[in-house]
Amino acid sequence: MREESSVTGPSVEQQTAPRARLGARDVTLAYDTRVIAQELSVEIPDGSFTVIVGPNACGKSTLLRALSRLLKPTAGDVVLDGRSIASFRAKEAARVIGLLPQSSTAPDGITVADLVARGRYPHQKLVSRWSAADEAAVTRAMESTHVTDLAGRLVDELSGGQRQRVWAAMVLAQETPILLLDEPTTFLDIAHQIELLDLFADLHRGGATLVAVLHDLNHAARYATHLVAMRDGAVVASGPPSDIVTADLVEEVFGLPCVVIDDPVTGTPLVVPRSGRP
Amino acid sequence: MSATAAQTSTRHPRGQVRLPAPGGDVVLHRRGAIVGAALTAVAVLLALVSLGTGDYPLSVPEVVRAMFATDGGFATTVVLDWRLPRVLVALVFGAALGVSGAVFQSMTRNPLGSPEIIGFTTGAYTGALVALIVIGGAYASTTVGALLGGLLTALAVYLLAYRKGISGFRLIIVGIGVTAMLQALNTWLILRADLEVAMSAAFWQAGSIALVGWEQAVPAFAVLAALAVLVAVLAAPMRQLELGDDAARAHGVRLEPVRLALLVVGVALIAVVTAIAGPIAFVSLAAPQIAQRLAGSAGLPLVNTALTGAVLLIAADFVAQHALPSAVPVGLVTVVIGGLYLIGLLVREARQKL
């Protein structure tokens with residue numbers, strides 16, 4: 001596997017555990033009075049492509065919202081670079097952590113280039129205008145998501161797959177070392193899902209730390225370097241997919257009997273369900 | 001280098017104009033800039049025509065000459081002292097109403113969003129009615145009553161809609177409910193009032209700028225100028241709100257302070273106008289949508305919305321003053337056009353949803 005080769009620079013002396021800039025420490029997550037998770041702790045290893053999986057309503061999206069400071073924990077702390085993320089100024093945090101939300105709204109009549117440019121907001125001051133750095137970031141973001149040719153098109157006119165790449169470009173234009181992706185492939189067909197996941201894999205190889213919530217366990221096992229399996233608001237297992245994805249784990253987490261074989265293409269674990277009925 | 005230039009041109013095939021400025025370029029969309037220039041020209045032309053129309057008619061060159069004449073002849077008195085306040089008020093109030101509407105529509109992400117929907121106008125009417133009934137018909141007390149009524153209503157709607165933050169949709173629903181209740185109260189007040197009070201109230205409620213002179217216009221302009229600066233500061237986070245709450249917050253927008261500031265500025269803009277002129281419907285609703293369609297811009301364009309609002313209100317005032325058999329308050333004209341516009345908008349929205 002390629003994961004060791006890429007990210008860490010030559011100067012860094014590796015400690016035994018990979019450093020984690022971002023993590024949740026003993027957080028309790030709740031919407032109003034409905035508690036989703038209690039005393040949950042998760043570390044996001046630097047330079048990893050972390051994927052969070054689990055059954056519906058296990059709290060995986062809620063955890064991602066907390067990591068992206070969209071949801072304030074009722075207890076515990078989300079920690080970024082050793083400090084509570086709540087102590088960061090909003091724009092300061094937005095220069096470190098980017099988020100691709102589950103749903104966003106494109107304003108009427110906006111072009112692809114203009115939408116991508118809105119990702120530059122955290123880098124702009126109250127009165128500062130469009131800078132060369134803004135221009136370069138937007139150009140780069142559109143190139144790496146292959147939407148440069150669509151730059152002048154209206155976002156409303158695009159297909160679902162194109163649109164999701166444009167939203168990804170907007171997050172990339174934010175130029176954050178950490179990217180959070182909330183079910184980025186949900187409404188796409190299989191070809192566009194793979195296209196988008198390959199794009200994220202490229203970003204990961206380029207040095208970014210990614211955290212994604214994915215529904216498809218096989219996609220997760222194929223693309224993740226670090227897998228977090230959740231159930232009922234708690235982490236059941238975490239680690240490299242080839243170490244932790246077993247038939248027992250899948251049955252424990254999803255309640256689904258299955259066989260785990262090697263993916264014939266990548267060699268990563270491939271989950272093949274048996275019938276759900278006894 | 002040529003590769004970069006080619007990329008820039010593919011990136012902006014719809015056309016952008018870049019003005020170098022300290023701290024980076026100012027990016028203007030070409031079509032937006034052209035539309036803005038055209039709207040400015042129309043506004044100036046309508047203003048000149050308005051200044052020349054009336055019992056003492058003047059041609060456009062005569063108007064211009066009267067404005068810059070130093071001898072202070074009768075034409076100068078007519079243009080500068082009698083007609084200019086009303087024309088400037090139409091332009092500036094139209095712009096303020098338009099921007100107020102753009103702020104509300106961006107914040108609620110809804111083309112039906114306007115200061116009216118959160119009950120400001122109806123509450124202002126209630127306040128004016130109470131002032132008329134309790135204190136009597138003085139201009140100042142009606143103004144203060146309208147301001148208090150409108151602001152209290154807006155505050156009540158905000159607090160009722162607040163639940164760990166404000167959602168645009170909840171604001172609209174609560175606003176509709178509160179508006180309906182206040183309308184019932186207003187009707188009851190009118191029915192119980194003396195005939196004279198009811199007449200004054202009806203006149204106030206029609207919305208008119210006919211009686212506005214320099215002494216009201218100048219302080220109003222000063223407040224509106226200060227509010228314009230605030231709108232300029234809030235414009236960038238407002239653009240982010242258009243992307244949805246999650247994306248805006250992920251980009252580092254502090255949602256609740258920004259929303260509250262937008263609400264305050266939007267209400268303040270319409271409060272100034274309503275205090276002086278009474279309720280003038282439709283401009284805040286329509287100007288942002290018309291400007292967006294004209295300029296083909298992303299989201300609601302603030303400068304073009306202001307210009308569109310100015311053109312709409314001065315045109316409506318011209319119709320109210322000169323084009324009908326007898327002069328009517330401008331609010332009446334905007335209500336009639338606004339009703340038609342609203343029906344059109346609803347039909348279009350309904351078709352899109354089917």
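In this predicted model, a nonpolar patch on the surface is formed by Leu45(B), Val49(B), Val60(B), Val64(B) and Phe68(B), which together have about 430 Å² of accessible area. Two helices of chain B, α2 (30-52) and α3 (60-68), each supply at least two residues of the patch. The largest share, 3 residues, comes from α3(B). Phe68(B) is found in helix α3 of chain B. With a relative accessible area of 64%, Phe68(B) is exposed, because the cut-off for that class is over 50%.

Elsewhere in chain B, Leu151(B) has its place in helix α6 (residues 139-161). Its relative accessibility is 40%, so Leu151(B) counts as partly exposed. Not counting residues up to four places away in sequence, Leu151(B) touches Phe120(B), Val267(B) and Ala271(B). One of these contacts, Val267(B), is 116 residues apart from Leu151(B) along the chain, yet the C-alpha atoms of the two residues are separated by 7.5 Å.

**Strands of chain A**

Chain A contains an open sheet of 4 strands in the order β2-β1-β4-β5, with antiparallel pairing. The edge strands are β2 (34-44) and β5 (83-84) of chain A, each of which pairs on one side only. Strands of a sheet pair through backbone hydrogen bonds, either parallel or antiparallel.

Within this sheet, strand β1 (residues 22-31) of chain A pairs with strand β4 (residues 75-80) of chain A in the antiparallel sense, over 5 bridges. The strands β4(A) and β5(A) form a hairpin with 2 residues between them, and Asp81(A) takes a positive phi near 50 degrees.

Helix α2 (residues 60-67) of chain A lies across β1, β2 and β4 of chain A. The helix runs at about 120 degrees to β1(A).

A further antiparallel pair in chain A joins strand β11 (residues 258-262) to strand β12 (residues 269-273), over 5 bridges. Val260(A) has Val271(A) in β12(A) as its bridge partner. β11(A) and β12(A) form a hairpin with 6 residues between them. In the turn of that hairpin, Gly267(A) has a positive phi of about 80 degrees.

**Salt bridges**

Side chains of opposite charge can pair when their charged atoms come close. Over all chains, a search of the whole structure finds 18 salt bridges.

| Pair | Closest N and O atoms |
|---|---|
| Arg19(A) and Asp46(A) | 3.8 Å |
| Asp134(A) and Arg120(A) | 2.8 Å |
| Arg205(A) and Asp202(A) | 2.5 Å |

Arg19(A) forms a salt bridge with Asp46(A), the closest N and O atoms being 3.8 Å apart. The pair links distant parts of the chain, 27 residues apart: Arg19(A) is in the loop between α1 (3-6) and β1 of chain A, and Asp46(A) is in the loop between β2 and β3 (49-53) of chain A. Asp46(A) is partly exposed, with a relative accessible area of 27%.

Asp134(A) forms a salt bridge with Arg120(A), with 2.8 Å between the closest N and O atoms. This pair, too, links distant parts of the chain: Asp134(A) is in helix α5 (residues 132-144) of chain A, while Arg120(A) is in the loop between α4 (112-117) and α5 of chain A, 14 residues apart. Asp134(A) has 3% relative accessibility and therefore counts as buried. Arg120(A) counts as buried as well, at 3% relative accessibility. Both residues belong to a network of salt bridges that links Arg120(A), Asp134(A), Arg140(A) and Glu175(A).

In the bridge of Arg205(A) with Asp202(A), the closest N and O atoms are 2.5 Å apart. Both residues lie in helix α7 (residues 190-205) of chain A, 3 residues apart, about one turn of the helix. Arg205(A) is partly exposed, with a relative accessible area of 36%. Asp202(A) counts as partly exposed at 43% relative accessibility.

Note on methods:
Residues are numbered from 1 along each chain as its sequence is written. Chains are lettered from A and ligands numbered from 1 in the order in which they are written. This is a predicted model: local features need pLDDT of at least 70, side-chain atom pairs count only at pLDDT 80 or more; totals for chains, interfaces and linings use all residues. Side-chain values use heavy atoms; hydrogens and water are left out. Patches are made of residues with over 30% relative accessible area and no salt bridge: like charges are joined within 9 Å, nonpolar side chains (Val, Leu, Ile, Met, Phe, Trp, Tyr) within 5 Å. Accessible areas come from the Shrake-Rupley method with a 1.4 Å probe; for residues, only the protein chains shown count as cover. A salt bridge is a side-chain nitrogen of Lys or Arg within 4 Å of a carboxyl oxygen of Asp or Glu. Buried means under 20% relative accessible area, exposed over 50%, partly exposed in between (1.4 Å probe, protein chains only). Two strands pair if DSSP finds at least two bridges between them. Contact means heavy atoms within 4.5 Å. Axes are lines fitted to C-alpha atoms, for helices over the stretch in contact, and angles run from 0 to 180 degrees between N-to-C directions.
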